[in-house]
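Hi,

Here is the structure I promised to pass on.

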Amino acid sequence: MTNVSALTTLRSVVRGRVLLSGDPGFDAARRPWNLAVEQPVAAVVEAADADDVAALARHARAAGLGIATQPNGHGATGRTEGTILLRTGRLDTLEIDPAARRARVGAGVPSGRLQAAAAPYGLTGLPGSSPVVSVTGVALGGGLSWFGRAHGWVADAVTAFDVVDAEGHQRHVTAQTDRDLFWALRGGGGDFAIVTALELTLHPAPRLFGGRMLWPAEHAPDVLDAYRRITATAPEELTVWLDLLHFPGAAPMVAVDVTHLGAEDEARDLLRPLDHLPRPLSDGRRMMPVSEIGTITAEPTDPGAGLSRGELLTGLDDVAAKALLADPIAPLLSVQVRHLGGAFTRPSDTPHGPLTEPYALYLFGIPADPATARAVAGRQRAFAESLPVSGRKPLTFLNPGETAADAFAPAALARLRDVKRRHDPHGVFRSNVPVLL
């Protein structure tokens, strides 16, 4: 069977929608969430269920085809040439067991839906900044959460995976059934099996105080000074992010985003240095349901083009603070500093392991045209060169030009490659960040 004939017979293999080159809707279906990434594929399959995924895996292996799996492509890198793009958005099972404090989450379930389902039981997952990113995608990349200082990586909360392996078999993977594969899936990416669902531990959702304060950029030195004082002594229940912002058509601004797992008076006391700053343009801090946590940064929920770069900082001393504010951030839209520490520093049986760096840096701009794209990349590079970066970064922070070697220590990367070779020797699966490249 040739590759061409294998593609044309896909509709007889799966029950979900199949789109081939030339079909109406094919180009829209193959695009990732980040429209700046070109994603060439041979076909798009929208699986109806896990049985569809298994049938597709068997078909692809027999035909010598590869499969790239994405719910919607938030972490897309464009390394998909010649593959079948598997969309898992219809795998939307969501079951909450409040007594066991556990959730079973389908591969297509977004973080915001999990939060909304867990909230009535006084429980929470480990949400990131965006409610539209899939829970599975975040967990496969390790996952930095608003509550990570209290509970660690998102992947630390995963207790089991339902997967389809490279031979098309459906399996339930735990630390007991396959220790190496379970370890690899908890933050090593999607290179080893197709995850159709996962089970994870939920956490009690106490009172949540959160929101954003916003000032003109002229106050950035004072805001940064307050931010450094707060994060130097912050308990694990408190997470604070600093954002330098410059949106098109608006004056530069600086923001502080915060979540506190506890009472409002406790949070305001911990954040008291902010009260001594000039009056903010806005102060959206309030007691809020955990299900509304995505409103804090109000990240776009629709696809768009962007260029990002992430780093981990070894510190934020006076020299680093001066470098951070030395020049305007333009043409970047945002420069975000996230406080880490806390539970992130504890032992973690994941490919990333513990995070010892106290801060994460995320740099974002829009490539409106080739010249702007070059300018954005140059400004990102200048920031990285002027700040104390560690040289490693979370998998979910990698951009299309980076590889797994940028995320994992050599020993962890060697183990991931061994798991890949043993579980997918024919290279059926192509993750956003292949570990063998």
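Ala-68, Thr-69, Gln-70, Thr-77, Arg-79, Thr-80, Arg-430, Ser-431 and Asn-432 make up the lining of the second largest cavity. Its volume comes to about 40 Å³, and by class the lining residues split into 1 nonpolar, 6 polar and 2 charged. Bear in mind for this and everything below that you are looking at a predicted model.

The search turned up 2 cavities of 30 Å³ or more. The largest cavity holds about 50 Å³ of space. Ser-111, Gly-112, Gln-115, Pro-127, Gly-128, Ser-129, Ser-130 and Pro-131 are among the residues that line the largest cavity, and the lining also includes Ser-291, Ile-293 and Gly-294. Sorted by class, that lining has 8 polar and 3 nonpolar residues, with no charged ones.

Next, the rings. Across the whole structure there are 5 aromatic pairs. One of them is Trp-153 with Phe-344, an edge-to-face pair with 5.9 Å centre to centre and 80° between the planes. Trp-153 sits in the loop between α6 (148-151) and β8 (158-164), while Phe-344 sits in the loop between β18 (334-339) and β19 (359-365), so the pair ties together parts 191 residues apart in sequence. Both Trp-153 and Phe-344 are buried.

Another pair is Tyr-362 with Phe-397, which is tilted, at 5.3 Å centre to centre with 55° between the planes. Here Tyr-362 belongs to strand β19 and Phe-397 to the loop between α11 (370-386) and α12 (410-423), so this pair ties together parts that are 35 residues apart in sequence.

The charged end of Arg-338 sits over the ring of Trp-241, 4.1 Å from the ring centre. Likewise, Arg-415 has its charged end over the ring of Trp-183, 3.9 Å from the centre of that ring.

Now a strand to look at: β8. Of its 7 residues, 6 are buried, so β8 is largely enclosed by the rest of the structure. β8 pairs in the antiparallel sense with strand β10 (residues 194-201) over 6 bridges, and there Val-164 has Ile-194 as its bridge partner. β8 also pairs in the antiparallel sense with strand β9 (residues 170-173), over 4 bridges. In that pairing, the bridge partner of Val-163 is Arg-171. The hairpin of β8 and β9 has 5 residues between the strands, and in it Gly-168 takes a positive phi near 85°.

Last, some backbone geometry for you to check. As background, most residues other than glycine have a negative phi, and most peptide bonds are trans. Where does the model depart from that? A cis peptide bond joins Ala-330 and Pro-331, with omega about 10°. Pro-331 lies in the loop between α10 (318-324) and β18.

Arg-101 is in the loop between β5 (94-97) and β6 (102-106), and at 39% relative accessibility Arg-101 counts as partly exposed. Ala-298 is in the loop between β16 (286-287) and β17 (307-313). With a relative accessible area of 55%, Ala-298 is exposed.

Cheers

Technical notes: Residues are numbered from 1 along each chain as its sequence is written. This is a predicted model: local features need pLDDT of at least 70, side-chain atom pairs count only at pLDDT 80 or more; totals for chains, interfaces and linings use all residues. Side-chain values use heavy atoms; hydrogens and water are left out. Rings of Phe, Tyr and Trp (its six-membered ring) pair if their centres lie within 6.5 Å; planes under 30 degrees apart count as stacked, over 60 as edge-to-face and the rest as tilted. Helices (H or I, at least four residues) and strands (E, at least two) are DSSP runs, numbered from the N terminus. Buried means under 20% relative accessible area, exposed over 50%, partly exposed in between (1.4 Å probe, protein chains only). A charge sits over a ring if NZ of Lys or CZ of Arg is within 6 Å of the ring centre and within 35 degrees of the ring normal. Two strands pair if DSSP finds at least two bridges between them. On a 1 Å grid over the protein atoms alone, a cavity is a set of points where a 1.4 Å probe fits but cannot get out, and a pocket is an open set with protein on both sides within 12 Å along at least five of seven lines; lining residues have an atom within 4 Å of a point. Grid points are joined across faces, edges and corners, and a volume is the space filled by probe spheres set on the points. Ala, Val, Leu, Ile, Met, Phe, Trp, Tyr, Cys and Pro count as nonpolar, Asp, Glu, Lys and Arg as charged, and the others, Gly among them, as polar.
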